[in-house]
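Look at the chain as a whole before turning to single residues.

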Amino acid sequence: MSADGVVRVYKLDNVQSPSFKSLKIPLPAGGQATAVAFSEASVVVAAQYGSGSNLYLYGEGNSNTVKHRKHEQPKLPGLEMKWVRTKVHQTMAIVTLAGTTASYDTSGGSPFIVSCSEGSDIILWNGKSGKILGATDTDQLKNSMATISPNGKLIASAAASSADVKIWEIIFTKAGSVKEITGVMQLKGHESAVTWLCFSSNSEQIITASKDGTIKVWNINVRYDFHQDPQIVKVFPIPLHDLTGATLHYDHLDISPDGKILAATHGRILQWLCAETGKVLNTDYEAHAGKIMAIAWAPKKIRVGRDHKMVLATAGADKRVKIWVVPVDPPHENA
């Protein structure tokens, strides 16, 4: 995403390649992209306008590879707008989008997208048709973020004014359609607002970061229908401090698909932690020239030279995207 109203999509065949295949998605005039998520082979973009937030889904158009001149960066096949939904959260901006392909219960591989507004509402969408499948309200003054579990069963949210995390279950009918979204759990244990959270790849744990200076790992694989509460299984101090020694909070936090490494950011700082022990693996205090706005793991290992490794992407306010090979290798930068 960038301030010019263009969303750029890159294909990572080899992280050490001198250039990446890419394409540009120009948004309709006047829109400012606020969040992006993948839905199977498509891209869902949230854009803010004066009248409210719109959602756009772009899918593959021309199947033939776009020709390019010598010395020109190779490009991907074009993406076409498949659907648009306008004023999806009234006049509120969308602060986060999260996508998954559901594998839980009778969902049958449905592509789900969760949009979280800066207000108090969260909407569940079918990532293919753009149909609203359900919605819920956090009953908070201001949402910070929301995400969906990889198996498509749970939605979790954090709010700017709350130390608790709320969790909802997506209930399916026998036919596989969404019946309702119902609150099932709350994570209570932080002493200050939760700034970010993520699910483990098996959807059985949630990792939270808080302004109280801690990271907590929660077991949510419990019988909440029998009033069994989620349990804290690990607590780590956030190992990041300013010049006075005060603990800094994390703006973003995400765990690698193999469950071994936590990537976290504060401002322009990128920090790597061992997910098992909380030990710092590496800290880059100047990962970007501006604030890091988003991070995302590749869902599987990517070729790096002759090897395949876990890879993280970061996007900054400096208008740069960086691709990092974990835990300490230098990044490949793409302007």
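A residue is called buried when its relative accessible area is under 20%, exposed when that area is over 50%, and partly exposed in between. Ser157 has a relative accessibility of 4%, so Ser157 counts as buried. The model in which this value was computed is a predicted one.

The overall form comes next. The protein chain contains 29 strands and zero helices. For 335 residues, a compact globule would have a radius of gyration near 20 Å, and the chain agrees with this because its own value is 20 Å. Along the principal axes, the C-alpha atoms fill a box of roughly 65 × 50 × 40 Å. Of the 335 residues, 50% count as buried. The accessible surface of the chain is about 16,100 Å², and carbon and sulfur atoms account for 50% of that surface.

Contacts and charges can also be described for the whole chain. Take the contacts between residues at least 6 apart in sequence: 44% of these join residues at least 24 apart. As for charge, the chain carries 35 positive and 30 negative side chains, and the centres of the two sets are 8 Å apart.

Now to the strands around Ser157. Ser157 is placed in strand β13, which covers residues 154-159. How does β13 pair with β12? The two strands pair in the antiparallel sense, over five bridges. Strand β12 spans residues 143-148, and five of its six residues are buried, so β12 is largely enclosed by the rest of the structure.

Which residues does Ser157 touch, apart from its neighbours within four places in sequence? Its contacts include Met145 and Ala146, and also Ile122, Thr138, Trp168 and Leu197. Asp164, Val165 and Lys166 are in contact with Ser157 as well.

Strands β3 and β4 run antiparallel and are joined by seven bridges. Ala33 has Ala47 as its bridge partner in β4. This hairpin has two residues between its strands. Glu40 is placed in the loop between β3 (32-39) and β4 (42-49). Although Glu40 is not a glycine, it has a positive phi of about 55 degrees. Gln90 is another residue that is not a glycine and has a positive phi of about 55 degrees. Gln90, however, lies in strand β7, residues 88-91. With a relative accessibility of 55%, Gln90 counts as exposed.

When neighbours within four places in sequence are left aside, Gly99 is in contact with Ala37, Phe38, Phe112, Ile113 and Ile148. Between Gly99 and Pro150 there are 51 residues of separation in sequence, and their C-alpha atoms are 8.3 Å apart.

Leaving aside neighbours within four places, the residues in contact with Ile215 include Ile207, Val235, Phe236, Ile238, Tyr250 and Leu273. Ile215 and Gly278 are 63 residues apart along the chain, with 8.6 Å between their C-alpha atoms.

The last stop is Pro327, in the loop between β28 (321-325) and β29 (332-334). Pro327 counts as partly exposed, at 31% relative accessibility. Beyond its neighbours within four places in sequence, Pro327 is in contact with Ile261, Trp272, Leu281 and Asn282.

Terms used
Residues numbered from 1 in each chain as written. Predicted model: local features only at pLDDT ≥ 70, side-chain atom pairs only at ≥ 80, totals over all residues. Heavy atoms only, no water. Buried < 20%, exposed > 50% of the residue type's maximum accessible area, 1.4 Å probe, protein only. Helix = DSSP H or I, 4+ residues; strand = E, 2+ residues; numbered from the N terminus. Pairing = 2+ DSSP bridges. Rg over C-alpha atoms; globule rule 2.2 N^0.38 Å. Contact = heavy atoms within 4.5 Å. Areas by Shrake-Rupley, 256 points an atom, 1.4 Å probe, with all protein chains shown as cover. Lys, Arg positive; Asp, Glu negative; His and termini not counted. Charge placed at Lys NZ, Arg CZ, Asp CG, Glu CD.
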